[in-house]
Amino acid sequence: MAKFELPSLPYAYDALEPHIDKLTMEIHHSKHHQAYVNNLNNAVTGTDLEGKSLEELFSSISNLPAGKAGVPAAVRNNGGGVYNHNLFWTNMKPNGGGLPTGAVADAINGAFGSFDEFKKLFSNAAATRFGSGWAWLVSSNGKLVVTSSANQDNPLMDVSEVKGSPLLALDVWEHAYYLHYQNRRPDYISSWWNVVNWDEVNARLAQAK
Ligand code: MN3
């Protein structure tokens, strides 16, 4: 019984060019994200976890009932994959980027001193995350924090080093950039700033716990 679904992208596959190319977006959304959705549905179906929200699953991810063999690991990897990509797509928009506005601008200046300093910290977190993972801007106990995670872990998981409400996420798995940037992850990161959707980051900050 399928519960989790692949959301439609809020823009066309080629809308983020030249920063993120059409083929990368198409494969990333229609193959990678779809696979996380399918694998998560398969993992929870017929277990006690069926019907739980992603947030409920993440809050006890270190202690899920074993149920079928391999289920806890499959839920952590694929549940994270579903949530993180849902966030990632809405964190971007065509003609985005520039300086943040509103409450996010104030919060970034307050936490990091300046937008440039925040950008440096976040870019560094993304560039130095070894292997596959994500860089994050998180609202943690009312404070903005930059962090990164391995694989598909995220700050809503009880295993996370920094826990809180995710505001902005950057996918640094090779599947997110390799077709266009090959090994040049730093080039992908610096280009990605041109598609950041600060309106969405503001909306998430307004709802952050
Ligand atoms: Mn990805």
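Leaving aside neighbours within four places in sequence, Asn202 is in contact with Thr101, Gly102, Ala103 and Val104, where contact means heavy atoms within 4.5 Å. Asn202 itself sits in helix α8, which covers residues 198-207. With a relative accessibility of 18%, Asn202 counts as buried; the term stands for under 20% relative accessible area, with exposed meaning over 50% and partly exposed in between (1.4 Å probe, protein chains only). The model described here is a predicted one, in which local features need pLDDT of at least 70 and side-chain atom pairs count only at pLDDT 80 or more, while totals for chains, interfaces and linings use all residues. Residues are numbered from 1 along each chain as its sequence is written, and side-chain values use heavy atoms, with hydrogens and water left out.

The chain holds eight helices and three strands, arranged along the sequence as α-α-α-α-α-β-β-β-α-α-α. Because its radius of gyration is 17 Å, close to the 17 Å given by the globule rule for 209 residues, the chain is as compact as a globular protein of that length. Here helices (H or I, at least four residues) and strands (E, at least two) are DSSP runs numbered from the N terminus, and the radius is taken over C-alpha atoms, the globule rule being 2.2 Å times the number of residues to the power 0.38. The C-alpha trace spans about 50 × 40 × 30 Å along its principal axes. Of the 209 residues, 47% are buried. Among contacts with a separation of 6 or more, 69% are between residues 24 or more positions apart.

The metal site brings separate stretches of sequence together. His28 (NE2), His85 (NE2), Asp171 (OD) and His175 (NE2) coordinate the manganese ion at 2.0 to 2.1 Å. The spacing of these donor residues in sequence reads H-x56-H-x85-D-x3-H. Within this set, His28 of helix α1 (residues 22-44) and Asp171 of strand β3 (residues 165-171) link distant parts of the chain, 143 residues apart. His28 and Asp171 are both buried. Donors are N, O and S atoms within 2.8 Å of the metal (3.2 Å for Na, K and Ca); water is not among the atoms, so sites may look incomplete.

Apart from neighbours within four places in sequence, Leu6 is in contact with His29, His33, Gln34 and Val37. Leu6 and Lys119, 113 residues apart in sequence, have C-alpha atoms 30 Å apart in space. Pro18 lies in the segment before α1 as well, and a cis peptide bond with omega of about 5 degrees joins Glu17 and Pro18.

Asn151, in the loop between β2 (143-150) and β3, has a positive phi near 55 degrees. Asn151 counts as partly exposed at 40% relative accessibility. Gln182 also has a positive phi, of about 50 degrees, although it is not a glycine. The loop between α6 (178-181) and α7 (185-192) is where Gln182 is placed, and at 29% relative accessibility Gln182 counts as partly exposed.
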